[in-house]
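Please read the following report beside the sequence and the model, taking one heading at a time.

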Amino acid sequence: MTRGPTWFNLTSLVLGFSFLYLPIVLLVIYSFNESRLVTVWGGFSTKWYAALLENDQLLDAAWVTLRVAFVSASVATVLGTMAALVLVRSGRFRGRSLFSGMIFAPLVMPEVILGLSLLLLFVAMDQARGFWTVMIAHTTFAMCYVAVVVQSRLVGFDKSVEEAAEDLGCPPVKTFFLITLPIILPGVIAGWMLAFTLSLDDLVIASFTTGPGATTLPMKIYSQVRLGVTPEINAVCTILVAFVTVGVIAASIVSKRQQVQRERDERAAFGAEG
Amino acid sequence: MDEPVTPPSKKRSLGSWALIAVPYFWLALFFLVPFLIVFKISLSQIAVAIPPYTPAFDLSAGWQAFRESLSELSLENYVWLTEDDLYWKSYLSSVIIAAVSTFITLLVGYPIAYGMARSPAAWRPTLLMLVILPFWTSFLIRVYAWIGILKNEGLLNQLLMSLGLISEPLTILNTNIAVYIGIVYSYLPFLVLPLYASLERLDGSLLEAAEDLGCPPWQAFWKITLPLSLPGVIAGCFLVFIPAVGEFVIPDLLGGSNTLMIGKTLWVEFFNNRDWPVSSAVAVILLLILVVPIILFQNQQQKMQERDG
């Protein structure tokens, strides 16, 4: 469609995006509210942010959450990338349907079921619950998201480069690290970030699988939200939103730049041939 | 379900077996086995102990003991679920709330996806980014943001009253309406993304041909655009409906005490009543309800992949 957007399309875009963004914008605005009454504007203030720095419980929870998110995202990225390679490259093998079912099912499975089932597994294994059990739970569902993201990258990938390397006697593991990984890297990075934010956000699965001493930030926020809306929670939420927004935008700029660079390299290589 | 092993062109190396085995093993241990345990515990009795159930069977005790314990298994928890109408009302109302929300999400999401697909090509990456961004933002935060808007002295009521449209604040928070708003808002990106993908691929020349042949735009939409975007509509609706049925955070924070949803019932049964066997039975039934849509969704995804691949 080369014609400009019609009024109908423009209106639906403006209304749609206002609906998506207005609640978050209001939340951010009211985190700078002087008044303790969340919905009455009492002037600009950053005092709620200062108050956060003195809230040790909240800072502890934030630290636990970041550690869980970092470790589980990293493990999930390795496992998820392997799973994506299996889905795209391994062809048919016994139990393939079960494998792809186990990759796709957690994406839509209600969190209460995932949380409950993992907790019962940890209890049956007589495993003390805490940091590691939350980490394993997050890794398990995040690796499925990583697998889907990396898979979409692998599907649109020119296999001939890999085959050329193998024909020249390059061992498969080396081929992976020298050829495949650099090409799918944007997908792998996006997968890691998705896994990281999923872990950062999760309330339900963490509530089931956690134990003493491993209260995560969403659990802390949830228990305070149940008591009512306060400007401190708005401030915590604003920080989280800012953190994620900057991360996602930075990553998309980096991956775009890499793509432009690679296209330029490819053109240069083909130019040298001709 | 296993597909026949086609004769591989070269023998699979040890490395490629390891590549399959590691993620396979992880998922089997942490995804498949836990379901079997849930099923097992749903058949056992509640007990005042830690953990609060009597083990249904103990494999270490040998085959004889295993057979004996099998006879002790009971469907009592499932009978209980049918006797107390809280449970079947929760299941029914979850499915209804999820279905209605999915339909509203489709009505809200279709114009957005359509507008995106028809926007100038230079805008599209930015618009796509704008749809994906809320998906990265915490679910809990996005639900929480609505509390301040919807409550009695909240921003929506303030706005409506200052405009003189209402004189008394509307009670929206803690009703099912708030739950619908929460689900539509939270799951909108899940519907817009697959829908946009299928609308963007639509061949514009078909619409031009229809227009040249004198077909009015709305008829072209019904006869060409809508049927061709159907795979995106179906994928998007599944992605909203399936998780919405088991939703916990939205009915808990936005819904009222009379909002029945099965995710919340399970949570209360587990954390407040500490009845692990009954909450396991609730989970098993919920899974059975969702198995059909999940399988339909997977088949559709596989078909779409095969066509694209």
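The report begins with the basis of the model and then takes up each chain, the contact between the chains, and some individual residues.

## Basis of the model

This is a predicted model, in which local features need pLDDT of at least 70 and side-chain atom pairs count only at pLDDT 80 or more, while totals for chains, interfaces and linings use all residues. Residues are numbered from 1 along each chain as its sequence is written, and chains are lettered from A and ligands numbered from 1 in the order in which they are written.

## Chain A

The secondary structure of chain A consists of eleven helices and zero strands, where helices (H or I, at least four residues) and strands (E, at least two) are DSSP runs numbered from the N terminus. Along its principal axes, the C-alpha trace of this chain spans about 70 × 60 × 35 Å. Of the 274 residues in chain A, 43% count as buried; a residue is buried if 20 or more other C-beta atoms lie within 10 Å of its own, exposed if 12 or fewer, and partly exposed in between, with C-beta atoms placed from the backbone. Among the contacts in chain A with a separation of 6 or more, 79% are between residues 24 or more positions apart, a contact being a pair of residues whose C-beta atoms, placed from the backbone, lie within 7 Å.

An unreviewed UniProt entry places the feature "transmembrane region" at residues 7-32, 61-87, 99-124, 130-150, 176-198 and 233-254 of chain A; UniProt positions are given here in the numbering of this report, feature names are shortened, and annotations may be inferred rather than shown by experiment. In the model, residues 176-198 of chain A are 100% helix and 0% strand, with the end C-alpha atoms 27 Å apart, and residues 233-254 of chain A are likewise 100% helix and 0% strand, with end C-alpha atoms 32 Å apart. UniProt also lists, in an unreviewed entry, "domain: ABC transmembrane type-1" at residues 62-254 of chain A, a span that is 82% helix and 0% strand and whose end C-alpha atoms lie 27 Å apart.

## Chain B

Chain B has 14 helices and zero strands, and buried residues make up 41% of its 309 residues. Of the contacts in chain B with a separation of 6 or more, 70% come from residues 24 or more positions apart. For this chain, the unreviewed UniProt entry gives "domain: ABC transmembrane type-1" at residues 91-297, and over those residues of chain B the model is 77% helix and 0% strand, with the end C-alpha atoms 20 Å apart.

Helix H4 (residues 85-117) of chain B has 33 residues and reaches 46 Å from its first C-alpha to its last, close to the 48 Å expected at 1.5 Å a residue, the expected span being 1.5 Å times one less than the number of residues.

## Contact and core

The contact between the chains takes 77 residues from chain B and 69 residues from chain A. On the side of chain B that touches chain A, helix H1 (residues 14-42) of chain B gives the most, with 18 residues. The residues of that side of chain B divide into 54 nonpolar, 18 polar and five charged, where Ala, Val, Leu, Ile, Met, Phe, Trp, Tyr, Cys and Pro count as nonpolar, Asp, Glu, Lys and Arg as charged, and the others, Gly among them, as polar.

The largest nonpolar core has 159 residues, and those with the most contacts inside it are Val146(A), Ala147(A), Ala195(A), Ala113(B) and Tyr144(B); such a core is a set of buried Ala, Val, Leu, Ile, Met, Phe, Trp, Tyr and Cys residues joined through C-beta atoms within 7 Å. Leaving aside neighbours within four places in sequence, Ala113(B) is in contact with Val192(B), Leu195(B), Tyr196(B) and Leu199(B).

## Residues in loops

Asp126(A) lies in the loop between helix H5 (111-124) and helix H6 (131-155) of chain A, and its phi is near 60°, a positive value in a residue other than glycine. Asp126(A) counts as exposed because 7 other C-beta atoms lie within 10 Å. Arg274(B), in the loop between helix H13 (262-272) and helix H14 (276-308) of chain B, also has a positive phi, near 50°, and counts as exposed with 12 C-beta neighbours inside 10 Å.

Ala121(B) is found in the loop between H4 and helix H5 (124-136) of chain B, and with 9 C-beta neighbours inside 10 Å it counts as exposed. The C-alpha atoms of Ala121(B) and Ile177(B), which are 56 residues apart along the chain, are separated by 37 Å.

Notes. Contact = placed C-beta atoms within 7 Å.
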